[in-house]
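Please look through the structure shown here, starting with one residue and its surroundings and moving on to the chain as a whole.

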Amino acid sequence: MKDQQSYFEKADFQSNLPKQFLVMFFSIVLVLLEVGLAQWPFFFGASPFLSLIFMYFILIYHDELMPIITVFIMGLVADLLMSDILGGRATAMMLLSYAMRIGILRLQQSEFMDLWLGFAVSCAAVTLFQLIVFSLINLALPSLTSLLFQVGVTLILFPIGFVIMFSVQRLLQTLQVTR
């Protein structure tokens with residue numbers, strides 16, 4: 001009996017690991033939603049970067065919940081399911097994650113318009129990185145209209161997704177305080 005009690009005394013109930021797995025699961029679900037949206041005729045195979053919107057929000061407000069392995073797995077699953085160059089999106093998202101972690105304090109103190117502008121630059125950087133990698137490997141340029149459409153739809157959906165995630169965050173904080 002004493003051994004079982006000492007075992008549970010050593011348990012760490014304040015670990016971030018379950019929350020990190022939940023964030024990883026939700027990010028993979030968003031990638032699957034992106035793949036589903038790419039099948040709609042409206043998007044012509046160029047679905048919005050929903051996972052990038054989620055990653056941007058989580059890295060600003062909950063940096064500890066999205067380790068670099070989550071970003072890598074999210075990008076790799078997207079590469080595999082969308083028939084992209086293996087590791088292209090994963091590498092671009094990992095580089096973006098490192099860049100965001102450097103300037104995290106500035107992003108946390110920014111107004112929404114600055115966040116939107118920063119996201120626009122980030123989205124353009126990820127797309128440009130993928131374009132350069134594709135061009136170097138295949139020695140050809142893909143259709144730029146579909147890439148511009150994808151970035152445009154993502155930028156239009158950014159405020160909606162950001163407000164939804166911010167509202168869910170506030171709701172969860174309220175529930176945690178009243179518990």
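Leaving out residues up to four places away in sequence, Glu34 touches Ser47, Pro48, Phe49, Leu50, Ser51, Leu52, Met82 and Arg89, where contact means heavy atoms within 4.5 Å. The model is a predicted one, in which local features need pLDDT of at least 70 and side-chain atom pairs count only at pLDDT 80 or more, while totals for chains, interfaces and linings use all residues. Residues are numbered from 1 along each chain as its sequence is written, and side-chain values use heavy atoms, with hydrogens and water left out.

Glu34 belongs to helix 2, residues 17–38; helices (H or I, at least four residues) and strands (E, at least two) are DSSP runs numbered from the N terminus. With a relative accessibility of 0%, Glu34 counts as buried, a word that stands for under 20% relative accessible area, whereas exposed stands for over 50% and partly exposed for what lies in between (1.4 Å probe, protein chains only). A polar atom of the Glu34 side chain lies 3.0 Å from the backbone nitrogen of Leu50.

Side chains of opposite charge can pair when their charged atoms come close. By the rule that a salt bridge is a side-chain nitrogen of Lys or Arg within 4 Å of a carboxyl oxygen of Asp or Glu, the count comes to 2 salt bridges, and they are set out in this table.

| Salt bridge | Closest N and O atoms |
|---|---|
| Glu34 and Arg89 | 2.8 Å |
| Arg101 and Asp63 | 2.5 Å |

The bridge between Glu34 and Arg89 links distant parts of the chain, with Glu34 in helix 2 and Arg89 in helix 5, 55 residues apart. Arg89 is buried, at 2% relative accessibility. The bridge between Arg101 and Asp63 also joins distant parts of the chain, 38 residues apart. Here Arg101 is partly exposed, with a relative accessible area of 25%, and Asp63 is partly exposed as well, with 26%.

Helix 5, residues 88–102, has 15 residues and reaches 22 Å from its first C-alpha to its last, close to the 21 Å expected at 1.5 Å a residue, the expected span being 1.5 Å times one less than the number of residues. Among the buried residues of helix 5 are Arg89, Met93 and Leu96.

Ser51, in helix 3 (residues 50–61), is buried, with a relative accessible area of 1%. Its contacts, leaving aside neighbours within four places in sequence, are Leu30, Val31, Glu34, Met74, Arg89 and Met93.

Which residues make the nonpolar surface patch of about 570 Å²? The patch is made by Ile160, Ile164, Val168, Leu171, Leu172 and Leu175. Leu172 lies in helix 8, residues 144–178, and counts as exposed at 52% relative accessibility. In helix 7 (residues 112–138), Leu128 counts as partly exposed at 47%. The C-alpha atoms of Leu128 and Leu147 are separated by 9.3 Å, although the two residues are 19 apart along the chain.

Taken as a whole, the protein has 8 helices and 0 strands, and its C-alpha atoms fill a box of roughly 70 × 35 × 35 Å along the principal axes. Of its 179 residues, 39% count as buried. Among contacts between residues at least 6 apart in sequence, 69% join residues at least 24 apart.

Conventions:
Patch = residues over 30% accessible without salt bridge, like charges linked within 9 Å, V, L, I, M, F, W, Y side chains within 5 Å. Areas by Shrake-Rupley, 256 points an atom, 1.4 Å probe, with all protein chains shown as cover. Polar contact = N/O pair within 3.5 Å; in protein donor to acceptor, adjacent residues only side chain to side chain.
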